[in-house]
Amino acid sequence: MGVLLRNKSALQDVGNGWLAIATCLTLLVSAINLFLNITMPVESLPVRDPAFHRRLLEQYLLLLKKYPILTKSVTSGILSALGNLLSQALESRKKRTADGNLRKGLNVLGPARFAVYGLFCTGPLSHYFYQLMELVFPSSEPYCALKRLLLDRLVFAPAFLLLFFFVMNVLEGRTISAFQGKVRAGYWPALKMNWKVWTPFQFININYVPVQFRVLFANLVALFWYAYLASVRK
C-alpha cells in the first residue's frame with residue numbers, strides 16, 4: 001500500500017511539474033508581450049487544452065523571430081530560476097524529518113540570483129556565441145561538426161562556467177577570497193561533469209538544432225544542470 005501511495009505521489013509531482021512549466025511559459029509570453037506593448041489575439045483556454053499550447057507556441061515563435069535576444073534572455077532567466085527551485089525541492093525531499101515536515105523553507109534569493117544570471121548572461125551570451133559559431137564554422141566547412149563541438153567544449157564551456165562562479169559570487173556579496181575558494185573546491189568537478197553531461201546534448205544542439213532554437217534547447221537541458229550547479233557551490 002505504501003509503495004502505491006508513493007508511486008501515486010510521484011506521478012502527481014510529475015504532472016504538477018509539467019503544469020508549472022506550462023504556466024511559467026505562459027507568464028513568459030505575457031511578460032514579453034507587456035514589456036514590448038504587443039497586442040495579440042489570445043483566447044481564454046484552459047492550460048491543459050491542446051489548443052492553448054499550440055497558441056502559446058505560436059506566440060513564443062513570433063516573439064523569438066521579432067525580438068530574439070530579449071526572448072532568449074527572458075526564457076533563460078525563468079528556466080534558470082526554475083533550475084534553482086528544482087535543486088531546492090530535491091534537497092528538501094532528502095531532508096524531510098520523520099513526521100514529514102521540512103527542516104528549512106525556500107530560499108527565495110537563490111532563484112532570484114539564477115534569474116538575473118540567466119537574463120543578463122546566459123541568454124545574450126549564448127545567442128551571440130551560436131551566431132558566431134555559424135560564421136566561423138559554417139555547415140560547408142570540412143569537419144564543421146567536430147570543430148564546433150571542440151570550440152564549445154574546450155573554449156566556451158570552461159569560460160562560461162568560470163563566469164557563472166564569478167557572477168554568483170558577486171550576487172551573493174562575497175569577497176574575492178571566497179570566490180577563489182569556491183573555484184578551487186568546485187570548478188574542476190563541475191567542469192568535468194559539464195563535459196560528461198553536456199557533450200552529447202551540445203553535439204546535437206550545435207549541429208542539428210536550427211540556430212534560432214539552440215538557446216531554448218540548451219535552456220531546457222540547463223534546467224537540470226543549474227540544479228546540479230546550485231548543489232556544487234554549497
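How many disulfides does the structure hold? The structure holds zero disulfides, a disulfide being a pair of cysteine sulfur atoms within 2.5 Å.

1. Basis of the model. This is a predicted model, in which local features need pLDDT of at least 70 and side-chain atom pairs count only at pLDDT 80 or more, whereas totals for chains, interfaces and linings use all residues. Residues are numbered from 1 along each chain as its sequence is written, and side-chain values use heavy atoms, with hydrogens and water left out.

2. Confidence. The pLDDT, which is the predictor's confidence in each residue on a scale from 0 to 100, averages 81 over the chain, and 73% of the residues score at least 70. Confidence is highest in helix α5 (residues 144–171), at a mean of 97, and lowest in helix α1 (residues 2–36), at 50. Over residues 2–18 the pLDDT is below 50, and this stretch has one contact in the model beyond near neighbours in sequence, where contact means heavy atoms within 4.5 Å. Residues 38–45 also stay under 50, although the model gives them 14 contacts beyond four places in sequence. Where pLDDT is low, the predicted coordinates should not be read in detail.

3. Overall build. The chain has seven helices and zero strands, with helices (H or I, at least four residues) and strands (E, at least two) taken as DSSP runs numbered from the N terminus. Among contacts with a separation of 6 or more, 71% join residues 24 or more positions apart.

4. Burial. Of the 234 residues, 38% count as buried, a term that means under 20% relative accessible area, against over 50% for exposed and in between for partly exposed (1.4 Å probe, protein chains only). Cys121 counts as buried because its relative accessibility is 12%, and Cys144 is likewise buried, at 12%.

5. Helix α6. Helix α6 (residues 176–208) spans only 40 Å between its end C-alpha atoms, whereas a straight helix of 33 residues would span 48 Å at 1.5 Å a residue; the expected span is 1.5 Å times one less than the number of residues. At Trp198, α6 bends by about 50 degrees, and Pro200 follows within four residues; the bend is the angle between axes fitted to the seven residues ending there and the seven starting there. The buried residues of α6 include Trp198 itself, together with Phe179, Val183 and Tyr187.

6. Phe166. Phe166 lies in helix α5 and counts as partly exposed because its relative accessibility is 38%. Its C-alpha is 8.9 Å from that of Ile176, which is 10 residues away in sequence.
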